[in-house]
Amino acid sequence: MSAVENDVKQPATAVRQELDADGILTLTMDMPGRSMNVLNEELTSPFASALERIESDAAVKGVIITSGKKEFLAGADIEKVYAITDPAEAFALSTEYQAFLRRLETCGKPVVAALNGTALGGGLELALACHYRVAVNNPKAKFGLPEVKLGLLPGGGGTQRLPRLIGIQNSLPLMLEGKELSAEKAKGGGIIHALAADIDDMLKQAKEWCVANPKATAPWDAKGFRWPGGDAKHPGNVQMLAIAPSMLNQKTFGNYPAPRNILSCVVEGGLVDIDTGLKIEARYFAELVVSQVSKNMINTFWFQLNALNKGESRPQGFEKSQVKKVGILGAGMMGAGIAYVSAKVGIEVVLKDVSQEAANKGKAYSENLLTKAIQRGRSTNSQKEEILARIKATDQVEDLAGCDLIIEAVFADRDLKATVTKETEAVMDPTGVFGSNTSTLPITGLAEASVRKEQFIGIHFFSPVDKMPLVEIIVGEQSSDATLARAFDYVQQIKKTPIVVNDSRGFYTSRCFGTYVNEGVALLAEGQHPRAIEQAGLMSGMPVGPLALQDEVSLSLALHVMTQSRKDMGDAYKEPASEKTLRKMVEELGREGKKNGKGFYDYPPADDRKAKKKLWPGLAEHFPLAEQQLSVAEMRDRFLFAQANETARCVEEGVVEKTGDANIGSIFGWGFAPWAGGTLQFINATGVGSFVERARELAGKYGERFEPAAILVKMAETGQTFN
Amino acid sequence: MTDAIIFDAVRTPRGKGKRDGSLHEVTPVHLLKNLFDGLQVRNQLDTSQVDDVVLGCVTPVGEQGADIARTAVLYAGWDESVAGVTQSRFCASGLESVNLAAMKIMSGQEDMVVAGGVESMSRWPMGSDGGAMVMDPRVNDAMGFAPQGVGADLIATLEGWSRADVDAFAVDSQRKAAAAKADKRFDKSLVPVRDVNGLIVLDHDETVRGDTSVEGLASLKPSFEMMGQMGFDATCQLRYPQVEAINHVHHAGNSSGIVDGAALTLIGSREKGAALGLKPRGRIRACAVTGTDPTIMLTGPGPASKKALAKAGMSASDIDLFEINEAFAAVVMRAVRDLDIDMDKVNVNGGSIAMGHPLGATGAILVATALDELERQDKETALITLCVGGGMGIATIIERTH
């Protein structure tokens with residue numbers, strides 16, 4: 001940084017002050033002992049003394065605020081926010097930061113935010129309270145107000161300043177979706193005034209603006225201020241506001257208080273002056289801080305996800321590894337997707353199938369994805385060529401020579417899997433890892449075909465592989481820690497989130513996911529209205545209704561798995577509530593699911609893009625409506641309790657060990673209600689005791705599958721929760 | 001309890017509520033002045049004997065704002081002792097005025113009241129007054145706000161009524177209105193709108209189209225489909241989870257017309273009427289309001305009518321004529337089904353689909369229409385009911401006095 005010599009020798013502080021000859025005071029946020037600046041007292045307290053100097057020292061003519069770290073300021077101290085349970089405390093937290101920013105904004109001297117890197121949340125709010133924003137055009141830097149993703153809202157004036165700056169209708173999507181913009185997009189959107197080539201240029205521009213604008217006020221403090229696009233009573237906005245809650249509920253089904261409060265801040269704040277608007281914002285912020293939903297989301301998407309990404313479930317003592325050459329067996333939908341995500345991060349890929357034609361088809365999948373990405377401006381021709389060049393499509397097992405990782409993704413048939421395991425192990429790197437992408441067959445059994453059982457592990461991908469963020473690693477009885485560490489590293493190498501589970505039929509995700517679909521099909525068999533079942537699924541926070549989901553995974557496949565399990569388990573097999581219905585649908589009615597165009601829904605032909613799937617009218621005849629139709633709330637409980645209870649059983653059986661793995665796995669893996677923060681967090685939030693009580697009630701009414709897991713009964717007795 | 005007697009009822013013709021409508025040039029207070037003049041002249045009324053004027057107005061902003069009832073009293077030159085109050089019960093406001101007037105008389109606290117309403121929808125479009133239901137997101141969310149047309153489409157969907165079904169109803173409304181107009185059945189209550197010179201601005205209901213056909217209506221696009229798909233359908237599905245898709249069947253041709261108009265009734269005690277030489281025409285026997293689901297919004301007429309009937313100790317079969325406001329075709333069809341009544345007794349002279357629905361005035365217009373028709377057919381009882389914003393319903397039972 002081209003800092004001018006300091007006039008005073010300062011001790012290590014989070015905010016350095018440097019006054020230059022022209023009276024421009026540069027404040028550099030640089031918190032000692034941290035890689036990022038974060039909004040807490042350690043930062044705000046030296047900031048406050050700097051502010052006093054700005055206000056009182058006539059020698060200070062202008063102010064530049066920047067950062068000594070790679071990023072500008074990432075935002076609030078989430079740990080601190082998470083700990084707050086008293087709304088008065090949250091209200092005070094918000095109003096104090098607001099008051100500080102307001103003083104800065106109204107100090108009468110020009111204040112420029114020199115954004116050297118990312119400014120998110122409270123960081124962008126600081127910048128918004130400055131009179132001018134100049135940012136280094138660094139493509140990695142992000143600007144936005146992403147609080148909504150943790151169930152919160154920008155409580156440092158963000159909901160008041162952003163709409164006053166760029167208009168109500170432009171600002172709402174940024175806050176409601178928590179979008180993060182590049183510097184260029186932020187400039188285009190009117191959030192940033194100017195871009196700079198580098199840090200020197202940024203500081204130069206910042207200083208020039210200070211010098212050229214000796215008296216600065218925010219637009220909203222200027223006389224005759226007019227809202228861009230009109231305030232909240234402008235007819236154009238009123239019309240939009242009439243439908244805004246409906247549009248929101250179309251996505252949230254009323255499960256998320258944060259978007260609703262953001263809307264309220266903007267609308268109510270859009271009828272008053274900024275100082276009143278800030279008070280409104282602080283009140284709605286406080287409500288969210290103490291809300292259960294924000295606690296759920298912070299718990300899972302902040303603490304547990306961060307821990308997961310830091311390798312909480314990875315065995316220690318093994319050096320971080322990198323896969324150089326991966327062999328993928330089976331070039332179907334899954335294999336093709338795994339090839340794509342691997343090649344994309346620079347791994348050499350051998351994509352093998354029984355025929356060259358099938359292998360080529362698998363590679364073409366990558367080509368299609370890349371062509372689409374280019375059309376959307378997300379990739380280039382040269383990137384495409386480079387990635388495709390890394391994928392070798394083949395029907396020759398010898399081509400797998402030298403692979404340090406194999407992922408087997410052939411049809412779910414034990415004998416077939418055994419055959420390919422043997423032939424592959426004969427040619428691959430003998431020190432390499434053999435991963436099986438199976439969603440149901442126990443890994444320990446599959447490993448029997450392997451000559452190196454300790455190097456054999458389950459690596460379960462989700463479809464479509466390029467979109468789904470999770471990979472479930474399944475540790476077989478003989479899988480070694482070293483193998484687990486390498487599998488874990490590979491998943492992170494392809495930029496996905498790994499969870500680690502132990503071997504069991506259906507492992508963790510498939511098993512628990514199955515309970516949701518099972519419950520939907522059971523409700524249908526009981527005579528509940530199929531559309532109401534679907535709606536209740538959506539209203540519980542699931543991304544797709546259970547019947548539509550069953551169609552997606554195919555009824556015949558589900559039956560196949562059940563048949564296999566029945567064969568394997570013998571007397572221990574418990575027939576799921578859905579089995580009879582699935583059998584009837586597939587065997588009597590010929591409705592196998594989406595892939596044959598008819599399942600619980602009728603599907604329009606693939607070339608008819610406008611037509612929508614419709615529930616099959618024949619359901620009314622084959623599953624006549626019961627006299628008593630359940631409320632949505634009752635069905636919602638059945639869905640959520642079935643999944644959460646099954647997760648608890650997985651914990652009880654040692655299938656899942658870490659609460660974070662369970663929660664993240666449930667949301668990223670099969671779309672369990674994000675508002676609830678995952679299956680185990682749902683139990684925590686309900687209260688283990690209340691969960692047990694309600695589960696028993698459901699068991700009495702609907703069947704023993706709801707009988708609470710023994711571990712929950714024990715936890716309720718001893719007052720424990722999952723942590 | 002004092003009987004609430006209807007002595008007279010007058011209304012303006014209804015003008016198309018757009019820029020090219022005949023009443024667009026007329027201020028709402030002038031519409032009212034015409035009727036105040038008419039009422040006074042027809043009844044040789046000593047206006048100082050009137051206690052209060054109750055007017056409905058759904059969009060009381062601008063020149064319709066600031067208590068247009070008292071404003072009109074003074075502008076019309078009535079005695080300054082006559083008070084005035086403006087209220088809104090959305091589309092029921094006109095009938096609410098009648099009911100409030102009746103209650104004032106029944107309670108004995110007042111003896112002679114003018115009740116009615118006004119709406120210049122061309123000059124002050126629906127929604128100009130905002131409202132938390134619409135523009136406050138958390139209120140909007142809490143009540144599951146959806147525009148009334150989406151609610152009407154939802155009714156049709158739940159009842160399984162097709163586009164052809166609702167269009168057939170609309171064609172009938174136009175046919176009946178055209179016949180009634182040709183037969184001069186509205187003339188008794190109709191007071192032409194005149195300008196400051198006394199020249200006639202409009203003397204007939206402007207939007208009646210007797211030649212309407214189901215085939216003709218078929219070309220009209222559904223009015224609420226797009227906004228439904230943008231999000232309001234989803235809001236309906238939150239409350240009606242069994243609905244897979246809403247069938248958007250309503251359009252400009254089978255929904256009430258947007259028009260300008262006003263209406264007044266003269267309601268008082270028998271004694272006061274006798275003292276003023278007024279002839280009793282009808283008696284208000286019972287009235288009721290109620291609330292139902294605000295999202296579907298328009299299913300109030302059935303429950304409100306039943307409540308009023310119960311109050312009167314009557315059943316639906318005791319009623320000779322029904323006026324069920326034609327806000328949307330499906331609303332009337334649903335009310336008919338809820339009350340289990342014969343469609344032949346309903347809206348015999350057409351309704352708002354043909355003649356329009358000047359929000360604040362319609363309820364009082366329907367009272368006038370019902371009373372005229374009872375007299376014409378020499379029948380005894382009529383029930384007037386409307387669906388109401390926010391999910392409410394209103395009903396009034398009147399009977400003739402001989």
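Q: To start with one residue: in which helix of chain A is the place of Glu588(A)?

A: Glu588(A) sits in helix α23 of chain A, which covers residues 579–588. Keep in mind as we go that this is a predicted model.

Q: Let's turn to sheets. What is the order of the strands in the open sheet of six strands in chain A?

A: The general idea first: strands of a sheet pair through backbone hydrogen bonds, in either a parallel or an antiparallel way. Here the order is β1-β2-β3-β4-β6-β9 in chain A, and the pairing is mixed.

Q: Which strands of chain A stand at the edges of that sheet, each with a single partner strand?

A: Those are β1 (15–19) and β9 (194–196) of chain A; with a single partner strand each, one side of each is left without a neighbour in the sheet. On average, neighbouring strands here are turned by 20° against each other, ignoring direction.

Q: How many bridges pair β2 and β3 of chain A?

A: Six bridges, in the parallel sense, link β2 (residues 24–29) with β3 (residues 62–67) in chain A. To find your place in the pair, look for Leu27(A), which stands opposite Ile65(A) in β3(A).

Q: How many strands form the open sheet that contains β12 and β17 of chain A?

A: Eight strands, ordered β12-β11-β10-β13-β14-β15-β16-β17 in chain A, again with mixed pairing. The edges are β12 (391–394) and β17 (497–502) of chain A, and having a single partner strand each, they are left with one side lacking a neighbour in the sheet. At the β12(A) end, β11 (residues 348–352) of chain A runs parallel to β12(A) and is joined to it by four bridges; Val350(A) has Lys392(A) as its bridge partner in β12(A).

Q: Which strands of chain A does helix α16 lie across?

A: Helix α16 (residues 414–425) of chain A lies across β10 (325–329), β13 (405–408) and β14 (433–436) of chain A, at about 165° to β13(A).

Q: At what angle do helices α25 and α27 of chain A pack?

A: Helix α25 (residues 632–652) and helix α27 (residues 679–686) of chain A pack at about 105°, their axes 8 Å apart. Angles of 65 to 115 degrees count as roughly perpendicular, and that is how α25(A) stands to α27(A). The contact residues divide into six nonpolar, three polar and no charged. Among them are Leu640(A) and Ala644(A) from α25(A), and Phe682(A) and Ile683(A) from α27(A).

Q: What unit do β3(B), helix α2 and β4(B) make in chain B?

A: They make a right-handed β-α-β unit, with helix α2 of chain B spanning residues 68–75. Its strands, β3 (residues 52–56) and β4 (residues 83–87) of chain B, run parallel and are joined by five bridges. One of the residue pairs is Gly56(B) with Gln87(B) in β4(B).

Q: Finally, how many residues of chain B are in contact with chain A?

A: 21 residues of chain B touch 23 residues of chain A. On the chain B side, α4 (132–135), α5 (137–143) and α9 (225–239) each supply at least two residues, and α9(B) gives the largest share, eight residues. That side divides into 11 nonpolar, six polar and four charged residues.

Terms used:
Residues numbered from 1 in each chain as written. Chains lettered and ligands numbered in written order. Predicted model: local features only at pLDDT ≥ 70, side-chain atom pairs only at ≥ 80, totals over all residues. Pairing = 2+ DSSP bridges. Right-handed = clockwise from strand over helix to strand, strands pointing away. Axes fitted to C-alpha atoms, helices over the stretch in contact; angles between N-to-C directions. Parallel < 35°, antiparallel > 145°, perpendicular 65-115°, else oblique. Contact = placed C-beta atoms within 7 Å. Nonpolar A, V, L, I, M, F, W, Y, C, P; charged D, E, K, R; others polar.
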